[in-house]
Amino acid sequence: MEEDVDGDLADIEALNFDDLDTVSKLQKTQRYNDIMQKVEDALEKGSGVQDHGMVLEDDPEYQLIVNCNALSVDIENEIVIIHSFIRDKYRLKFLELESLVHHPIDYARVVKKIGNEMDLTLVDMEGLLPAAIRMVISVTASTTSGKPLPEEVLQKTIEACDRALALDSAKKQVLDFVETRMGYIAPNLSAVAGSAVAAKLMGTAGGLTALAKMPACNVQLLGAKKKNLAGFSTATSQFRVGYIEQTEVFQSTPPSLRMRAGRLLAGKSTIAARVDSTRGDPSGNTGRVLREEICKKIEKWQEPPPAKQPKPLPVPDSEPKKKRGGRRLRKMKERYAITDMRKLANRMQFGVPEESSLGDGLGEGYGMLGQAGNGKLRVSIGQSKLAAKVAKKFKEKRYGSSGGATSGLTSSLAFTPVQGIELSNPQAHAHQLGSGTQSTYFSENGTFSKIKRT
């Protein structure tokens with residue numbers, strides 16, 4: 001455990017060392033020189049690749065491509081180390097530059113171009129950086145607190161910049177070689193993203209197998225640079241997009257759909273890489289099918305929405321509809337029928353202005369109400385048949401019409417000339433006397449009467 005800690009400390013000390021050869025060792029290794037020599041020889045021979053009928057892993061051409069992918073990753077790491085060395089040296093001269101230019105190669109080019117110059121208006125950085133970044137660098141350099149570097153430190157910094165640019169050139173050469181062989185190594189991925197983008201994706205991921213194991217969301221970010229907008233608008237900037245934005249399909253897509261197209265391309269590229277890693281389709285037909293699917297989806301996105309069709313009226317029925325009839329329906333119609341007052345309110349007389357609730361035609365109009373001549377908003381409403389029936393039933397229920405019911409107007413007080421007011425039962429006499437022949441011939445209390453002769 002202590003040995004590992006000592007080793008890590010030694011690496012950290014090496015990064016801060018003044019000697020560039022101690023920091024950067026890749027260009028002096030035998031592996032780097034051998035691979036670069038083979039790449040140069042292969043590029044001189046041409047891009048023709050013949051299928052020798054052997055397994056892909058046993059093909060020396062494929063082994064060289066795998067080594068090139070691994071070397072490209074090592075070159076990328078070496079450039080990062082040299083970039084750290086350049087920043088440590090040039091920080092004394094221009095501290096704010098590293099926060100304005102993030103990409104290592106761009107930083108090395110700018111440092112080499114500026115050198116020890118304090119007045120950046122005399123330095124022509126046309127073509128190195130965008131105009132907005134150049135303007136911000138010029139303004140920041142006029143207010144920086146840095147001082148010119150000593151000649152020895154400046155010489156080491158320029159040498160480190162040259163080495164970083166040389167490594168970047170070697171990486172491009174390796175990617176060019178891999179690009180010429182992509183039709184044989186990864187035909188499906190080349191059909192989807194193009195040979196150049198496929199080579200960059202493979203080189204950044206570390207090989208076809210590593211690219212096949214990578215999720216699509218990470219494939220979309222391969223090659224993405226950290227952008228510094230220097231306070232300008234982010235409306236037109238594309239974030240979270242790497243080498244995928246260099247594909248032909250992405251460039252031909254409208255700007256509003258490019259983010260969706262980037263996600264779609266990353267997903268299909270991952271599928272194509274997995275097919276190529278298992279040699280599922282050496283002819284590249286799967287990649288062409290995936291590319292057609294991408295183009296069809298993007299065309300579908302650009303289609304206008306379907307126009308809203310007018311809804312046709314239903315076909316009129318020639319036969320009359322079956323409606324419910326009978327007493328219940330008639331009662332319901334009478335109950336909800338429009339009244340005569342409403343009929344007059346809905347009706348207007350020609351040439352006669354109607355009265356309104358607020359006057360002068362404002363508010364709710366009264367129509368023909370009050371135009372009968374009396375000036376009142378009242379209409380004599382005749383009693384309907386239903387209302388008459390209801391009133392009759394209510395009267396019978398309240399006062400009674402049969403069955404010996406007693407009227408509520410019957411009083412128990414009788415007025416006599418002798419006693420004045422006498423309390424009596426008006427029904428007692430009716431129960432005692434009876435009526436008709438029952439009280440004479442068939443009465444229980446009745447007797448024969450004897451008439452005396454006179």
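Start at the crossing of α4 and α6: it is left-handed, meaning that the near helix is turned anticlockwise from the far one by less than a right angle. This is a predicted model, where local features need pLDDT of at least 70, side-chain atom pairs count only at pLDDT 80 or more, and totals for chains, interfaces and linings use all residues. Residues are numbered from 1 along each chain as its sequence is written, and side-chain values use heavy atoms, without hydrogens or water.

Select residues 60-90 for α4 and 104-114 for α6. The two helices pack at an angle of about 40°, with axes 10 Å apart. Axes are lines fitted to C-alpha atoms over the stretch in contact, and angles run from 0 to 180 degrees between N-to-C directions.

Now show the side chains. From α4, pick Ile79, His83, Ile86, Arg87 and Tyr90. They meet Pro104, Ile105, Tyr107, Ala108, Val111 and Ile114 of α6. Contact means heavy atoms within 4.5 Å. By class, this contact has 9 nonpolar, 1 polar and 1 charged residues.

Next, select α16, residues 285-302. Colour Gly287, Leu290, Ile294 and Ile298, which are buried (under 20% relative accessible area, 1.4 Å probe, protein chains only). They lie on the same side of α16 because they cover an arc of only 75° around the axis. The arc is taken from the directions from helix axis to C-beta atoms.

Turn to the other side of α16. Lys296, Glu299 and Lys300 are exposed there (over 50%).

Finally, zoom out. Of the 454 residues of the protein chain, 29% count as buried.

Notes:
Helix = DSSP H or I, 4+ residues; strand = E, 2+ residues; numbered from the N terminus. Nonpolar A, V, L, I, M, F, W, Y, C, P; charged D, E, K, R; others polar. Expected span 1.5 Å × (residues − 1).
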